[in-house]
Amino acid sequence: MSLPPELAEIVDDFAALGDSDKVTLLLEFAEELPPLPDHLTQESMEPVPECQSPVFLSVDAADRDAVRVYFSAPQESPTTRGFAAILHQGLDGQSAEVIAAVPSDFYFDLGLGAVVSPLRLNGMAGMLARIKRQAAQGH
C-alpha cells in the first residue's frame, strides 16, 4: 500500500487499538480539524454528498508538490470531523502524485468497520475521491 508517512502513521495508530479505543482516537481527531483559513468560505467549497453530515472541502493544487486540503465539518458531527481531520493530517502538503497513489479503500485499514456504520465509511470514501480528483485536475 502506498501511503504518505503521515497517513501510514495514523493507520498504524488505529491498527494498534481495540474497537472502543479506536472510537476515542477518532473523536480526538475530530477536535484537531483546523478552522478554515480566512480566504475560504464554506460557500466556495465543494460539498461531499456521500457524507451524512454537511461536509465541504477545498483542494488547492496550484503547487503540485504541496497540495493543500481544507475541510468544513460541523462540530456536532464528530465522526465525520474525525474522518476529515485524518485526511487533512495525512494528505495536506503532499504532492498530487502521492495523493493519487493513496488506495481508495485505505480507510478499511483503520479498522473502523466494526464501530462505524458503512454509510459513514462511504462518506470518507467520498472525501478521498474528491480530494484525488481535485488534486489531479490541479484545482
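**Figure 1. Contact of helix 1 with helix 2 in the predicted model****.** The axes of helix 1 (residues 5-15) and helix 2 approach within 9 Å and cross at roughly 145°. Axes are lines fitted to C-alpha atoms, for helices over the stretch in contact, and angles between N-to-C directions run from 0 to 180 degrees. Helices (H or I, at least four residues) and strands (E, at least two) are DSSP runs numbered from the N terminus. Ile10, Asp13 and Phe14 of helix 1 touch Lys22, Leu25, Leu26 and Phe29 of helix 2, where contact means heavy atoms within 4.5 Å. By class, these residues are five nonpolar, no polar and two charged. Ala, Val, Leu, Ile, Met, Phe, Trp, Tyr, Cys and Pro count as nonpolar, Asp, Glu, Lys and Arg as charged, and the others, Gly among them, as polar.

Residues are numbered from 1 along each chain as its sequence is written, and side-chain values use heavy atoms, with hydrogens and water left out. In this predicted model, local features need pLDDT of at least 70 and side-chain atom pairs count only at pLDDT 80 or more, whereas totals for chains, interfaces and linings use all residues.

**Figure 2. Contact of helix 1 with helix 3****.** The two axes come within 7 Å, with a crossing angle of roughly 135°. Helix 1 and helix 3 are therefore oblique to each other; angles under 35 degrees count as roughly parallel, over 145 as roughly antiparallel, 65 to 115 as roughly perpendicular and the rest as oblique. Glu6, Leu7, Ile10 and Phe14 in helix 1 meet Ile86, Gln89, Gly90 and Leu91 in helix 3. This contact comprises five nonpolar, two polar and one charged residues.

**Figure 3. Contact of helix 2 with helix 3****.** Helix 2 (residues 19-31) and helix 3 (residues 78-91) have axes that come within 7 Å and cross at roughly 75°, which makes helix 2 roughly perpendicular to helix 3. Leu26, Leu27, Phe29 and Ala30 of helix 2 contact Pro78, Thr79, Arg81, Gly82, Phe83, Ala85, Ile86 and Gln89 of helix 3. Eight of the contact residues are nonpolar, three polar and one charged.

**Figure 4. Lining of the largest cavity****.** This cavity has a volume of about 40 Å³, taken as the space filled by probe spheres set on grid points joined across faces, edges and corners. On a 1 Å grid over the protein atoms alone, a cavity is a set of points where a 1.4 Å probe fits but cannot get out, and lining residues have an atom within 4 Å of a point. The lining consists of Cys51, Gln52, Thr80, Phe83, Leu119, Arg120, Gly123 and Met127. Helix 3 and helix 5 (118-137) are the elements giving two or more residues, and helix 5 gives the most, with four.

Technical notes:
On a 1 Å grid over the protein atoms alone, a cavity is a set of points where a 1.4 Å probe fits but cannot get out, and a pocket is an open set with protein on both sides within 12 Å along at least five of seven lines; lining residues have an atom within 4 Å of a point.
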